[in-house]
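Me: Hi! I'm new to this one, could you walk me through it?
Reply: Happy to, here it is.
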Amino acid sequence: YIVTAFVLLWLTVSVVYLLPFLVASKEDPTFYDHRPANKKLNSHAEVPVDYHQVKQDQQVAEDDSPLKDQPKKVSPNLIGFNETKYLRSSHKNSDAYKLNAFNQVESDKLHSDRLIPDTRNYKCGSKIYPSPLPSTSVIICFHNEARSTLLRTVASVLNRSPPELIHEIILVDDFSDDPEDGRQLTQLPKVKIITNDMREGLVRSRVSGTELATGKILTFLDSHCECNTGWILRWVVSPIIDVINMDNFQYVGASAELVGGFDWSLHFKWDSLSSARRAKRKDPTSPIQTPMIAGGLFAMDKERFDKTGRYDTEMDIWGGENFEISFRTWMCGGSMEIVPCSRVGHVFRKRHPYTFPQGNAMTYIKNTKRTAEVWMDGYKKYFYAARPSAKGRNTVMGDISERVKLRKELNCKSFKWYLENVYPELNVPEPLDVEFGEVRQNEKCIDTLGRGVGGSPGLYKCHGGGGNQAWSMTSTKAIKHEEHCLGSQGSSVVLWTCISTSEDQHWEHNSMKQLVHKGSGLCLDSEGDRVQLSSCTPPRSSLLWSFTLSNIE
Ligand code: LR7
Ligand code: MN
């Protein structure tokens, strides 16, 4: 494998199933949801790791330790570290979910060195990788992470990696309330810490971690992970991201049949393998190219990281940086892979447990808008169509000239090239679509309400987040949301599968701002939060509709 091959991203993403990020509301456009992983583990049961055979009598925790799943022998890496004491003084709340958005009580019960199932495909055990491998600096940023998850992340790196491959572990404490959370972990081998004296967010924190790093490879992890056996088999490897259940901390293998993708509102999602990608794959252990990374867990050659613009450090707190690094990597000559024999578990949760000083929505919009403006060329209009609130707020975005310059200097390809060659699965809206955005009447917008074929859309307060309120008026005069078009059933307005020749799906947006239904000659009307067909006369405000992003260019 070629270290020179640019970004050595290995990002194992077996999380699949579980986490399509969904746009939920204007208040929280970064809210995401995930479904439980119901995939069976595709592997053997719990496998003790090598160091358990090491002769070692010392007990890590005190005798009254309440910790579960504790191995009999202490890992040599943890000798001298009093885990029970470290955990005892961690911050707690009577609501177990309050501080971390996962069940901290369950997490605190588990030993840092607990046994987890080996979720790899059975063939991975016999795979042979070229050696010797370069060693890595592991960079873990955190803001108010629970001590138990933070410790398990660090311990799993030390315990489940060949020691010669771990050059150092750099913790970046992003201005947590208790500086001892991270500081005490520097008693563990190879662990160093950087402490921010103000909240920087994960992008600037990671970059300062890389500035200290002296390993040849950079490996980034979230602060609530558990690296699994063989995760670091080689350096162009990415882990599949297994799921650590946020309620009971059960470690569950994720599907190996997924790659990272996104929609036009720039929300990350997992896509199941297209038949083309499936056909390219030789066997279940070979790497799969991914158009996008989830963002948190990957490794990359440090020299490439530095030479290709690191990160956009004007991005704040959380979100968007994975789009930027993915577009940049692909468009500027690199590639990204998920390596299925590397597995790392991550605690997926449903909300952010921390604050966003500029607000959650504004921060996500700023970060993604910077990405769209620098990398997406003319296709950025689809981003604005899907997320109208990102339009016209130049002040929020900040100066992007440095990143535009970087793109020139690196001589990167077009976004069109990326779409055609890297992410052909993404549906590009028809270029002839005439209007995009929300279909608005005063403060309310037509919203699918999450319904599909045969369901009726309704009116809902405009939230500016795209999602269920993103529509386009196509060149054949259909009012379209994804693959559904507005049609009728009696006087009700109903979502149907689009048929471009159908008069029932043909709407004329006339100069009086009415939407006239060709099939019936009636007009789109509203009554309360219902939308329906009624007579176009007399003129009244319930017949007036506008596309908020008409003719954007
Ligand atoms: O202000 C902050 N400062 C921080 O140091 C905010 C966050 N952080 C740390 C935080 O403690 C954590 O270690 O940054 C890390 C990521 O934050 P999370 O865990 O709250 O967010 P997440 O798991 O939803 O993050 C996913 O998307 C992010 C977008 O910015 C990052 O790319 C995360 O790294 C990414 N996590 C993963 O890819 C793991 C798999 C999740 C998926 C899909
Ligand atoms: Mn995370």
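Reply: What follows is a short chat about this predicted model.

Me: How many helices and strands does the chain have?
Reply: The chain has 13 helices and 27 strands.

Me: And what share of the residues is buried?
Reply: Of the chain's 553 residues, 50% count as buried.

Me: OK, over to ligand 1. Which residues are closest to it?
Reply: Those are D174, S223, A294, G295 and G296, out of 26 residues that surround ligand 1.

Me: What classes of residue make up that shell?
Reply: The shell around ligand 1 has 11 nonpolar, 10 polar and five charged residues.

Me: Tell me about α5, then. Which of its residues are buried?
Reply: L202, V203, R204, S205, R206, G209 and T210 are buried in α5.

Me: And what do they pack against?
Reply: The buried residues of α5 pack against the strands β2, β3 (166–173), β4 (191–195) and β5 (217–221), as well as the helices α7 (302–307) and α8.

Me: New topic: which residues have the most contacts inside the largest nonpolar core?
Reply: I139, V154, I169 and F383 do, in a core of 121 residues. This core draws at least three residues from each of domain 1 (9–347) and domain 2 (435–547).

Me: What does V154 touch?
Reply: Leaving out residues up to four places away in sequence, V154 touches I169, L185, L188 and V191.

Technical notes. Residues numbered from 1 in each chain as written. Chains lettered and ligands numbered in written order. Predicted model: local features only at pLDDT ≥ 70, side-chain atom pairs only at ≥ 80, totals over all residues. Near = placed C-beta within 6 Å. Nonpolar A, V, L, I, M, F, W, Y, C, P; charged D, E, K, R; others polar. Core = buried A, V, L, I, M, F, W, Y, C linked by C-beta atoms within 7 Å. Buried ≥ 20, exposed ≤ 12 C-beta atoms within 10 Å, placed from the backbone. Domains from an automatic or database assignment. Contact = placed C-beta atoms within 7 Å. Helix = DSSP H or I, 4+ residues; strand = E, 2+ residues; numbered from the N terminus.
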